[in-house]
Every structure is written in structure tokens, then in C-alpha cells.
Amino acid sequence: CLRCPAGNMLSDQMVWDMVQSCYDIGKQPGLSELLQRTAEHMLTQVILTIFSRFSQLQAANLLSQEAEGARALRSSLSVAPTDSGDTSLLDLAEAAEDAPPPYGMPAMYKVLQFLSSLTNPGEKSESLEGEKTRMLGLSLVNVVLETGGKQLSACPPLVNVIQHQLSRNLLQNSRTHNLQILSLTLRVVFNMFNSVREHMKVQLEVFFNSIHLAESPNAEAREMALESLVEFCREPQLMVDIYT
């Protein structure tokens, strides 16, 4: 539905409902592992499709679009029939004028906020379900960063979520004993640097001091941090971006 030619005409509310439905299905109690993985895979594909629209939004000069509508997302495309049960051309024209615009920045903003909230360790950070949720959130955030790339820098609402909510959660996740979560966290940090580096100089310094250069009693964690640091050092602009 989202990938078909008419998918670009879906409203922000419809796209947000799709994301919520895929996530809720995957979290239903008693669900088989196959169905859970299928729901997560579909959620990944939906996220990938949503954030693949950057080129279209850029062509329409909508990358700086306000994200205020993401707070409510209550729009609807339903058309009320006339008393006679017939829908005239005039009614259809009026309905088309009243229809919400195709999805764009409000949906992206809402989705990124939601994914960032999934990475929050919270009170149940050490529970199995809590760790699964964080790993899912980190994986989907990686999809957003890799798909959006440098175009994310042109979207102030998205940059704001990355700078604050996501960065705070990543710093907390870096203290985990779960090596899978640590690996995903390091990958997100690296992708953040590649995507929105000009907006992340302060955060990058904090990440280096708190994650890459910090002492860890776990040898595997130290090795993973060192591998991530080596990957950063392969970037020719790293030193320039840090000190300018």
C-alpha cells in the first residue's frame, strides 16, 4: 500500500497508523517468533519507505516543513455521502480540497520521535522484553539514518530529535552490559556523525569521552569501542569537524 504509486497520496495520519499497527502486532503477547519477526520486518520496510521520500520532499521544497501537525495527526480522508446516497462531482471536488496533504515531515517527525523513545532504557532496562525493544528501536533508527543520509541535516525538526532525545538515550545505552545493544549504539553514533555531523559536534565530543575513550572492565566492550574508533578515524574530515 505504501509503496504503490498511490502510496504517496496517503496522509500523515494514515502512515502513522501503519507504523503503530506493525509495532503493536509484533508486541502482542503469545505471538509466535515467526509472526513477530514478520511484523518487525514489515515495520522496517515501512520506515525505509517513509524516509526514502527525502528526494521528493526536496524537489517540492518541503524539507524545512513544520512538524507541528505530528502532535495530533487526526486528519481523515473519508467522504460523507449526500442525503440521496449519490456523490456529485461538486462533492468530490470539495472533498479533494478538504483532504489532508500527502505525508511528509509531520509523519517523519512523529516516527523518529517514536523510534527514539524505543531506545530509552527506562525502568525495565535489564528485562528481556526491555532489551528487545531497545534493540528494535536502535535497529530502526539505523535504518532512518542510513536511508536519510545527509539530507537529514536539512530538516530542523528531525535534527532536534537527534540532538536531544536520541543522543541522551544513546549515552545511557552505552553503559549497558548487553554487547548487542552496545554494538547497535556504536553503529547509530557513527551513522549520526555521517548524517548530521555539522549539528553534532558537542554530542560527538561527549560520545568520544564517554564511550570510545572510557575505561570498561569488559574486554569485549573495549574491543568494540576501539573498532568503532578506528572506523571514525578512517573519515578524513573527522579532526576538522571536531576542532572547527
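This is a predicted model: local features need pLDDT of at least 70, side-chain atom pairs count only at pLDDT 80 or more; totals for chains, interfaces and linings use all residues.
Close-up 1. Thr49 sits in helix α2, which runs over residues 33-50. Its side chain makes a polar contact with the side chain of Arg3, at 3.0 Å. Setting aside neighbours within four places in sequence, Thr49 touches Leu2, Arg3 and Tyr103. Val144 is 95 residues away from Thr49 in sequence, yet the two C-alpha atoms are 9.8 Å apart.

**Close-up 2. Ile50 and the largest nonpolar core.** Which residues have the most contacts inside this core? They are Ile47, Ile50, Phe51 and Leu158, in a core of 61 residues. Helix α8 gives the most to this core, with ten residues. Take Ile50: leaving out neighbours within four places in sequence, its contacts are Leu2, Val15, Val19, Tyr103, Met108 and Val111. As a rule, nonpolar side chains in soluble globular proteins tend to be buried together.

**Close-up 3. Helix α1 and what it packs against.** The 15 residues of α1 (residues 12-26) should span 21 Å at 1.5 Å a residue, and the end C-alpha atoms are 22 Å apart, so the two agree. Buried in this helix are Asp12, Gln13, Val15, Trp16, Val19, Cys22, Tyr23 and Gly26. These buried residues pack against α2, α5 (105-118) and α6 (128-148).

**Close-up 4. Helix α9 has a buried face.** Look along residues 201-212 and you'll find Gln203, Leu204, Phe207, Phe208, Ile211 and His212 buried. Seen down the axis of α9, the buried residues fall within an arc of 140°, so they line one face of the helix. An α-helix has 3.6 residues a turn, so residues three or four places apart point the same way. Over on the other side of α9, Val202 and Glu205 are exposed.

**Close-up 5. Thr176 in the loop between α7 and α8.** The helices on either side of this loop are α7 (156-173) and α8 (179-196). Is Thr176 buried or exposed? Thr176 is buried, with a relative accessible area of 12%. A polar atom of the Thr176 side chain lies 3.0 Å from the backbone nitrogen of Asn178. Not counting residues up to four places away in sequence, Thr176 touches Arg134, Ile181 and Leu182.

Key: Residues are numbered from 1 along each chain as its sequence is written. Side-chain values use heavy atoms; hydrogens and water are left out. Buried means under 20% relative accessible area, exposed over 50%, partly exposed in between (1.4 Å probe, protein chains only). Helices (H or I, at least four residues) and strands (E, at least two) are DSSP runs, numbered from the N terminus. The arc is that of the directions from the helix axis to the C-beta atoms. A polar contact is a pair of N or O atoms within 3.5 Å; within protein, one must be able to donate a hydrogen and the other to accept it, and residues adjacent in sequence count only if both atoms are side-chain atoms. Contact means heavy atoms within 4.5 Å. The expected span of a helix is 1.5 Å times one less than its number of residues. A nonpolar core is a set of buried Ala, Val, Leu, Ile, Met, Phe, Trp, Tyr and Cys residues joined through side-chain atoms within 4.5 Å.
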